[in-house]
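This report goes through a single protein chain, from one residue and its neighbours to the chain as a whole. The sequence and the structure come next.

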Amino acid sequence: MRKFSKQIFRIFAGFAVYAASINFVFCAENKAKIPTKEDAANLLFYTGFCADYDFSELLAKEPSYLSASENFIVGVVRLRVLGQADKLTNPFADFEKSANAGDPYGKAALAYCLREGIEKPVGISVLNNTELEQEKIKLSAKLLNEASAKGVMFASRLVGENLLKSKNSLEKSAGLEIIKSCADSGDAYAMALLASAYERGLGNLENAKEAQSLLNKSADLKNGVALYALGKLAQKEKKSEQLAFFYFENSANTNYPNGIYEFARCYLFGLGVNADYDKAFTLLKKASGFGAKEAWNLLGICYASGVGTEENQIQAFEHFRRGADEGDAEAQNNLGNYYYFGKNVAEDIAQAAKWFERAANQGNAAAQSSLAIIYLEEKIAGKSAYDAIPLLHKAALAGDPEAQSNLGKCYFEGIGTKQDLEEAVKWFTKAAAEDDAQALGNLGACYYLGKGVPKDESKGIEMIKKAAELGNEDAQKAYKRITVNQ
C-alpha cells in the first residue's frame, strides 16, 4: 500500500452538452448612435451595450483634431470596447489629454486609471514604488475632487468607493451615503455597488432587503455588473440554467470581463445553451483580453485538450503560466502539474511545489493534495510526511478523492500520523464512493483481510475487481492472485 496516488493531469473535467436554448435578450437600439459623454461615462462602468453605439467616426478622426470631450470618449472606447489597455495607444493617454484640456470627465477617468493601475503617469515614473503609489493617490484624489465639484456623477461615486474601503467607520459610512445618493440619482453602477455593500452586511436590515431590488433596477439599465450578479445568483439558487445564461449573455454585451467569462463557460459546458466549443474559445480569448484572469486557465485547458482549437501544449503551458502569474489558483495548480509531470517542459519538482503551494494557500484542494504528495515522497528538503498530513486533511475535507485516498493510506500505514485502521477505512470509503481506483482497491483489501472493518472476503473481492477494471495495476495483480488461488 506504500504507493501514493497522483492523478495524471486533473485539468479537464469534461464538457457537457445542454439540449435546449432560449433567446430572450434585451432589445438593442434599432440604429447605432454616436455616443455622448454621458453614454461613454456609462460604458466606462459597464452600463449599456457596446453594440448600441457607432464609434467609427470618432476613431477615424485625426487624433490632433479631437476635442477634450472626444478624447475622453475615445479613451473609453479603447478601454471598454476595443480592450486596448495594454497597447501603445492606451486609454490613459486619451484621458490625460482630456484632463489637461480641463474636461472634468477626462479628469475623473484619469483618476480612475490611476486607482486601477491601468497606466502609470510618465511625469512621476522615476519615483520608487512607494513614492509612486503615494503620488498616484494624491493626484487621483485631486482630480476626483475637481471633477466632482463640476457635477460628474461617477467622480462622486469614485470618492464614495474610496471612502467605503476605509477602515475608519465614519469614513465608511460617509462613502456608503455618497454611493446611495448616486444610486438614488439613477447611477446604475452605484446601484450594483450598493447592493453588494448591503449583501456584505453594511447598512441596516431593511437595506439588506433592498439588495435584490437594486440589482434588478441596475440590470434594467443594462449594467453588466448587476447582470452578472443576477446570473451568479440564479446559479447559486439553482434556478433555470437558461435564466443564468440570459443574464451572462447580457452582461457580456457590456464587455464586463466576468460576464464574458461566464458567458463563455455556458457555451463550453453547455449550461443553458447547446455547447459550442468554437464560440466558447473565442469568448474566452475576449474575456482574457478584457481582464478576466480565470479565462487564462480555461484557455489553457482548451489548448491542452484541443477543444475549440487545435491541441497545442506549448500554448497550454503559456496560458496556464499567464493565469498563474495573475493569481488564479486553478491555473497555478495546472502549471504545477506541467512541472510535476514534465509535460512539454523539463520536470522540475521545486517549481511544481512552488505553484502547488500558491494554489494551496488559496484553498485549492487539488493543489493541497498534490503538494502533500511531494512532501510524502520527500522531494523537497525539510518537508516530510508530517507536513503532508494537514494538507491532506484540508483537501480531503473539501471532498478531493485523491487526498481522501492518500490520507487513508497514511492512516493505514501510520505514515506521518498514528496508525488508525478505522480512520483509514473511513477515508478509503469516501474516495471509493467517487470511484477512485486506488481507494477502491485498498478498501477491498481491508474487507478481504478484515483490517479496520469486519472481514468480508466476497465484498472485498468485488471492490478489488472494480478497481482492477478501472485500471489500477495493484488491484489487477491482487485480483489475479485471488482468482488463481480460488
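## His319 and its neighbours

Leaving aside residues up to four places away in sequence, His319 touches Lys285, Trp296, Leu299, Gly300 and Tyr303. The model is a predicted one, and His319 is found in its helix H16, which covers residues 313–325. His319 counts as buried because its relative accessibility is 6%, and the cut-off for buried is under 20%.

Ala331 is 12 residues away from His319 along the chain, and the C-alpha atoms of the two are separated by 8.2 Å.

## The chain as a whole

The protein chain has 25 helices and zero strands. Of its 486 residues, 50% are buried. Among contacts in the chain with a separation of 6 or more, 53% are between residues 24 or more positions apart.

## Aromatic pairs

A pair of aromatic rings is described by the distance of the centres and the angle of the planes. The structure holds 22 aromatic pairs. One of them is formed by Phe45 and Tyr112, with 5.1 Å centre to centre and 70° between the planes, an edge-to-face arrangement. Phe45 lies in the loop between helix H1 (37–44) and helix H2 (56–60), while Tyr112 belongs to helix H5 (residues 104–116); the pair thus links distant parts of the chain, 67 residues apart. Both Phe45 and Tyr112 are buried.

Tyr105 and Phe154 form another aromatic pair, this one tilted, at 6.2 Å centre to centre and 55° between the planes. This pair also links distant parts of the chain: Tyr105 is in helix H5 and Phe154 is in helix H7 (residues 153–164), 49 residues apart. Tyr105 counts as buried because its relative accessibility is 12%. Phe154 counts as buried too, because its relative accessibility is 3%. Ring pairs join Phe45, Phe72, Phe95, Tyr105, Tyr112, Phe154 and Tyr189 into a cluster.

## Charges over rings

Elsewhere, the charged end of Lys430 sits over the ring of Trp427, at 5.9 Å from the centre.

## The largest pocket

The largest pocket has a volume of about 1200 Å³. Its lining consists of 43 residues, and those nearest the centre are Tyr46, Tyr256, Pro257, Phe290 and Gly291. Elements that give two or more residues to this lining include helix H3 (68–81), H5, H7, helix H11 (224–236), helix H13 (257–269) and helix H14 (277–289).

Which element gives the largest share of the lining? That share comes from H9, with six residues. By type, the lining divides into 22 nonpolar, seven polar and 14 charged residues.

## Two residues with positive phi

Most residues other than glycine have a negative phi. Lys222 has a positive phi, near 65°, and is not a glycine. Lys222 lies in the loop between helix H10 (205–220) and H11, and it counts as buried because its relative accessibility is 14%.

Asn255 likewise has a positive phi, about 65°, although it is not a glycine. Its place is the loop between helix H12 (241–252) and H13. With a relative accessible area of 5%, Asn255 is buried.

How values were computed. Residues are numbered from 1 along each chain as its sequence is written. This is a predicted model: local features need pLDDT of at least 70, side-chain atom pairs count only at pLDDT 80 or more; totals for chains, interfaces and linings use all residues. Side-chain values use heavy atoms; hydrogens and water are left out. Rings of Phe, Tyr and Trp (its six-membered ring) pair if their centres lie within 6.5 Å; planes under 30 degrees apart count as stacked, over 60 as edge-to-face and the rest as tilted. Helices (H or I, at least four residues) and strands (E, at least two) are DSSP runs, numbered from the N terminus. Buried means under 20% relative accessible area, exposed over 50%, partly exposed in between (1.4 Å probe, protein chains only). A charge sits over a ring if NZ of Lys or CZ of Arg is within 6 Å of the ring centre and within 35 degrees of the ring normal. On a 1 Å grid over the protein atoms alone, a cavity is a set of points where a 1.4 Å probe fits but cannot get out, and a pocket is an open set with protein on both sides within 12 Å along at least five of seven lines; lining residues have an atom within 4 Å of a point. Grid points are joined across faces, edges and corners, and a volume is the space filled by probe spheres set on the points. Ala, Val, Leu, Ile, Met, Phe, Trp, Tyr, Cys and Pro count as nonpolar, Asp, Glu, Lys and Arg as charged, and the others, Gly among them, as polar. Contact means heavy atoms within 4.5 Å.
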